[in-house]
Structures are given as structure tokens and as C-alpha cells.
Amino acid sequence: MESMRAVGYSLETAIADVVDNSIAANAGLVEILYQSHPDTAHISILDDGRGMDDEEIVSAMQLASTSAVDERHATDLGRFGLGLKTASLSQCRCLTVISKKDGVVSGARWDMDHLANVRKWELLILSTREISAVPGVELLSQLDSGTLVVWTKLNDADLESAVFGEIWDQRMMDAKDHLALVFHRFLAGEHGKKFRMRLNGTGIKPADPFLARNSATQAGTEEKLPIGDTHITIKPFTLPYLNKMTAADKKAAQVNGTLRDSQGFYVYRSMRLVIGGSWFRVAPRTELGKLARVRVDIPNTLDHLWALDIKKSTAVPPPAVKNILRKVIDRLVQPSQRAFKHKGTKEAGSKAVLHTWEANSGRDSFFYKINRDHPILRALSGTLSVDQTRTLENFIRNVESSFPLEDAYIRMAGDQVAGAPSPTESEIVEELRDYWKKYEQNGFDSEEFRTSFKAVARYAAIENIHSLLDEVVGGN
């Protein structure tokens, strides 16, 4: 039992494993309550599921209570019959389970200190008086049925009070974020019924890593890939460009720290997230692919093929699945690559918008040059002397050679949004009026001025650019 405590659960994966049981019990509400003062420290997880009777609760407390090879219901999130015990005892030394079914309340407890004293496999069956002393049991009594899981003698109990409270408060906040992600499809009602979770009375909202509710998210076509007698389902998503994400969107999308590290396949077992943000070595993580996410749904009948671990936090796809994914990966990532085309440059042959910067590629390198045919440079060309023109050209070359590529890459890799503040309409009019004067001095007509400047990247996106150009030309 002591060895089982070191399986490797974190607090958030341990709580998620207990919530799996609540969902399997058809719960519509899971209440997670905790106190972080060492004298009263405990965590309780209460659900309003179908509950257990005396016999069922003893069976649930047995190690490996369900065989990993048994056929499970499609909505059963269990796997090895170990989760309740290993998850709970990884975080505490005393696990108490109280359950109510058909009006009858039953309770059992594993206490590590008691086992150490008696040196026996002795599961404690609780009396009515002992049950009444369990924190949170009064909430269970208000339900028609349900189960209460309570952890006491929490880890790190020997720490000073302030340190203990600070550590567990932060751990519980991290757990809240984890639950919002792992169970986001249940919280959104995708399984066909209402499901809620609360932490100390505060509702946990779903954290969708695909940002499906953002109108700028691109959802691809769902595909079914046959595996033996069943299938897995994949659906690609391309997240919005960063400047179209809210702060909440960005937080939900940064599953593994940054968008770049969060790209990849998101594997769901019966709608429960198992692993997110991995290409499983069928493709590399790239900056251009960081908006790409692929939802992969697997049934629990394929657990043996996916090498699902006890914590349900790791799943390795079988070779047959990896081969299929490898064939479609390029198509799945392409939309993200297109979204990251540099908006301030143009490639040769692109004339829809007149950009300031042009990308030039060599055999093994690339560099940026300022577009010498840009209308602004044309406006200046006829007003400068030969020496001034030479000085301007030297300055342009200096700017080109010092383009801060590395700094820009580091900032964008850190999910910063590139973009200068948008100019006001009065600033645009003032700029255009100045350019129009120089165009007139050089003998260009107004139509050529309009044609050139309505295509300049800085102005092309302005909805009323045509009327502004008319105002400038007419007002001169």
C-alpha cells in the first residue's frame, strides 16, 4: 500500500481520477471542498450519482476491483479498478468513502497508519456514529443518492501552517484549471446531459483547447478511421490568429505553457481528455503549426492498443494508428501554416496588396528587403537631390541589414502578438495629404495616386479608404 502511493499522481490527476467515478455513476454535480489549515485540512469530493450499498462500497475499496480486460460500458471512464485507491492515497494517508443508496448510508476507510499498526489488510467499516463525524457528510444526507470521498492526513502535514496553506491553495487552483480542461466536453454537455463541477462553491467553467466558440476558429471535417472492428474519430481545428483571441481564449489554448508547445493531437477517451498537445512523433512542433489542434476520440474498447496508464494521463497510439495519422498530418497542419503567413511581407507574384517588406529566399537562407517600388518611395523620388537619394538608399540598406528577426521570433514564440497601434482617421488623412502633395510635384495624376495608395498595406484594410482618398485629392 505504501508503494502504491508513489505511482506518480499529481493532485490534479488524482482528483480527476475520482471525478471519473462520479461521471461513471451518472452524476450531474460534483462538489469539491477543501480546507487548507493543517489542523482541519481535508479534501472532499461529493457527487449526486447513483451511490453504493454496503457490498458495493467494500468492492469499490478493493484493489483492482475491476479487471482491466473486462468489457466496459461505452461511458465508463474506469480502467484498472485502482484509480479511487491509488489516486486518493497518493495525496493522503487516510481515505474515507461514504455512499448513500436507497436511503441507506454506508462507509469504509483505508487508513495507512492503522495498517502499519495492525500489519493486516484491514479495511475499516464505519459505524453510524463514525460516519456522522466525516466532514461533508451533512451535504450527502441532503441528496437522494450519491458518494462522498474524503481525504484526510494530507501530504506535507508536517509543514508550518502558513506554508502548508499556501502550497495547498495553489495546488487546488491548479487542479481547478486541470479539471476545467480534462472534463470540458462534459461541462459543455456534449455527452447529452447537464454536468456541473464546483470548487468550494465556485463553478468550474469548461476550458476548450479548440476555442470552438470563437467565430474565427476553423473547424475541419470529422473523419472516422477504422481500427479492427471499431474506429477512432479525428477532427482538426485551426485556432484564430493571436490578435483575435481574448485573454480567456489564450489561457485556454496554452495547455502546455505556450501555443507552440500546445499544438498537436488531443486524445479523448469517452470524451475525457487523456493527453493533449502531442504529435506522437509523426510530425515536429513548428512555429507555423502552433495553431493546429486535432481532436482524437477513442472508445474504451481500444485501451489495450493505446497503452493507457493507470492515471489516464498518458496514451501511446498503436503503430496502425500512427501510420494513418502520419498520412494525413500535412493536410491537418496546413490551415495553421496559412494563418501565419507574415502579414507585413509579400512573396514574388503577390500584387493584391502593396507591402513595405518583401521576402527573398536563397538556397538555404532568406532575408527581407524594402519594396523599392513602394508608392511612398515613388513620392519621394522626384523631390530629392542625387546626394539625398544616395543617402536615402544607404539608410534603407542599413534598415534591411538590421531587421530584428531573432527578437521577433522570440517574442512570437512566446505568444506575443505582432502589430503596431492602429492609426486614427485624422492621422491617415494627414499622411495621405502629404503624399498627394509630393505626387503632384512629381507630375502624377490623381487617379494614379488613388490606385497606388488604396493598395498600400497600411491603408488597404481601411473600409472607407476610397472616400478618404477622394477627400484628400478633392480637398487639395
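**Cysteines and sheet**

Analyst: Searching the whole structure turns up zero disulfides. This is a predicted model, where local features need pLDDT of at least 70, side-chain atom pairs count only at pLDDT 80 or more, and totals for chains, interfaces and linings use all residues. Residues are numbered from 1 along each chain as its sequence is written, and side-chain values use heavy atoms, leaving out hydrogens and water.

User: How do you know that C92 is in no disulfide?

Analyst: A disulfide is a pair of cysteine sulfur atoms within 2.5 Å. The nearest cysteine sulfur to that of C92 belongs to C94, 6.7 Å away.

User: Why is C94 called buried?

Analyst: Buried means under 20% relative accessible area, exposed over 50%, partly exposed in between (1.4 Å probe, protein chains only). C94 has 4% relative accessibility, so it counts as buried. C92, at 0%, is buried too.

User: What makes β3 and β6 partners?

Analyst: Strands are DSSP runs (E, at least two residues) and helices likewise (H or I, at least four), numbered from the N terminus. Two strands pair if DSSP finds at least two bridges between them. Eight bridges join β3 (residues 92–101) to β6 (residues 146–154), so they pair; they run antiparallel. K100 stands opposite G146 in β6.

User: Why do β5 and β8 stand at the edges?

Analyst: The open sheet of eight strands, with mixed pairing, has the order β5-β4-β3-β6-β2-β1-β7-β8. β5 (124–125) and β8 (202–203) each have a single partner strand, so one side of each lacks a neighbour in the sheet.
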